[in-house]
Amino acid sequence: MSVPAKARRRAAELREQINLHNYRYYVLDDPQVPDSEYDRQLRELQALEAEYPELITPQSPTQRVGAQPLAGFTEVTHRVPMLSLDNAFSEEEMIAFDRRIRERLGEHSDAIVYSAEPKLDGLAINLRYQSGQLVQAATRGDGNQGEDVTQNVRTISSVPLQLIGSGWPEILEVRGEIYLPLEGFERLNRDAAAAGEKGFANPRNAAAGSLRQLDSRITARRPLAMYCYGFGEIEGGPLAETQSESIRRLADWGLRISPEMRTVTGVEECLEYYRRIGERRHSLGYEIDGVVFKVDRLDLQERLGFVSRAPRWAIAQKFPAQEEMTRLLNIDIQVGRTG
């Protein structure tokens with residue numbers, strides 16, 4: 001059955017409009033249409049695809065949820081390893097990190113410009129886009145090999161299936177953190193309690209468990225979100241001369257980046273940014289466990305290189321562990337099944 005040209009044009013218009021609505025809602029936090037209009041357009045597209053299945057594409061916003069549960073996850077070898085970060089637990093350790101950077105760079109030993117952003121407490125992910133289309137999503141794993149969780153990541157509304165705009169590389173790997181906002185975490189646990197089920201211990205466990213469901217329909221019911229903070233393979237090389245400008249280009253293509261990202265100059269501004277984020281930590285709407293600082297200039301990152309499994313040009317300044325005093329009220333002793 002041939003598809004009328006009018007239906008084909010309308011389906012393309014609807015996909016473009018819905019993708020733009022998603023971008024304005026999830027990336028810009030500035031929706032331009034009410035939910036009712038968004039739903040109407042989505043239902044119209046669903047009706048067109050039901051009538052003309054030839055119109056269905058993997059990047060259609062109607063195709064976020066896979067039809068069949070997986071038997072298991074396949075392994076993915078990262079083309080560019082997903083490295084860990086060294087940690088700093090005090091101001092003294094941050095000052096020592098900055099001093100090492102300046103000493104290694106020699107003639108660039110003046111105050112270093114860093115890219116700074118909160119360190120989300122979630123699950124690291126690598127998104128691979130080819131010709132602007134999401135073709136694979138993989139977990140960090142051991143840094144060299146992770147698990148293919150594409151079917152589940154496709155259900156996350158803040159992850160575009162098709163990049164918007166223009167100018168993106170033919171191959172673009174974007175790295176970021178998948179997390180569960182606190183509001184969604186609390187709602188999940190309320191629903192679990194109402195159903196007589198066990199809730200999640202914390203948002204990170206909830207995000208990790210949601211992303212590793214073999215049935216993507218379960219993942220789709222979990223309000224997961226993602227912020228992007230780095231890169232894997234990029235065809236043609238870096239997107240810009242600095243870390244911060246490269247990340248900002250992602251927002252132009254429909255990917256979410258942290259609104260808290262800043263550039264700071266010198267270690268004193270690093271410490272001040274850390275203090276400010278720490279003061280606002282509990283009002284951000286998601287859990288963080290520190291702040292990540294990266295040398296902003298990419299040419300300096302390349303000169304600094306790596307050591308072991310971590311880059312020399314980045315560090316995570318962690319927050320102190322959160323502790324509470326508790327009082328043991330009672331012990332209930334029971335005899336087990338085997339005595």
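This is a predicted model: local features need pLDDT of at least 70, side-chain atom pairs count only at pLDDT 80 or more; totals for chains, interfaces and linings use all residues.
Q: How do the axes of helix H3 and helix H9 cross, and at what angle?
A: A helix pair is read from its axes and then from its side chains. Here the axes of H3 (residues 91-105) and H9 (residues 266-280) come within 10 Å and cross at roughly 145 degrees, and the crossing is right-handed.

Q: Which residues of H3 and H9 meet?
A: From H3, the residues are Glu91, Met94, Ile95 and Asp98, and they meet Val267, Cys270, Leu271 and Arg275 of H9. Sorted by class, this contact holds five nonpolar and three charged residues, with no polar ones.

Q: How are strands E4 and E5 joined?
A: For a strand pair, one looks at direction, bridges and the connecting turn. Strand E4 (residues 123-130) runs antiparallel to E5, and six bridges join the two; Ile125, for example, has Thr139 in E5 as its bridge partner. The two strands form a hairpin with two residues between them, and in the turn Ser131 has a positive phi of about 55 degrees.

Q: Why is strand E5 described as largely enclosed by the rest of the structure?
A: Five of the seven residues of E5 (residues 133-139) are buried, and therefore the strand is largely enclosed by the rest of the structure.

Q: Is Asp215 buried or exposed?
A: Asp215 lies in the loop between helix H6 (203-211) and helix H7 (216-220). Buried means under 20% relative accessible area, so Asp215, at 17% relative accessibility, counts as buried.

Q: What does the side chain of Asp215 contact?
A: Its side chain makes a polar contact with the side chain of Arg217 at 3.0 Å. Leaving aside residues up to four places away in sequence, Asp215 touches Pro69 and Asn152.

Technical notes: Residues are numbered from 1 along each chain as its sequence is written. Side-chain values use heavy atoms; hydrogens and water are left out. Axes are lines fitted to C-alpha atoms, for helices over the stretch in contact, and angles run from 0 to 180 degrees between N-to-C directions. Helices (H or I, at least four residues) and strands (E, at least two) are DSSP runs, numbered from the N terminus. A crossing is left-handed if the near helix is turned anticlockwise from the far one by less than a right angle, and right-handed if clockwise. Contact means heavy atoms within 4.5 Å. Ala, Val, Leu, Ile, Met, Phe, Trp, Tyr, Cys and Pro count as nonpolar, Asp, Glu, Lys and Arg as charged, and the others, Gly among them, as polar. Buried means under 20% relative accessible area, exposed over 50%, partly exposed in between (1.4 Å probe, protein chains only). Two strands pair if DSSP finds at least two bridges between them. A polar contact is a pair of N or O atoms within 3.5 Å; within protein, one must be able to donate a hydrogen and the other to accept it, and residues adjacent in sequence count only if both atoms are side-chain atoms.
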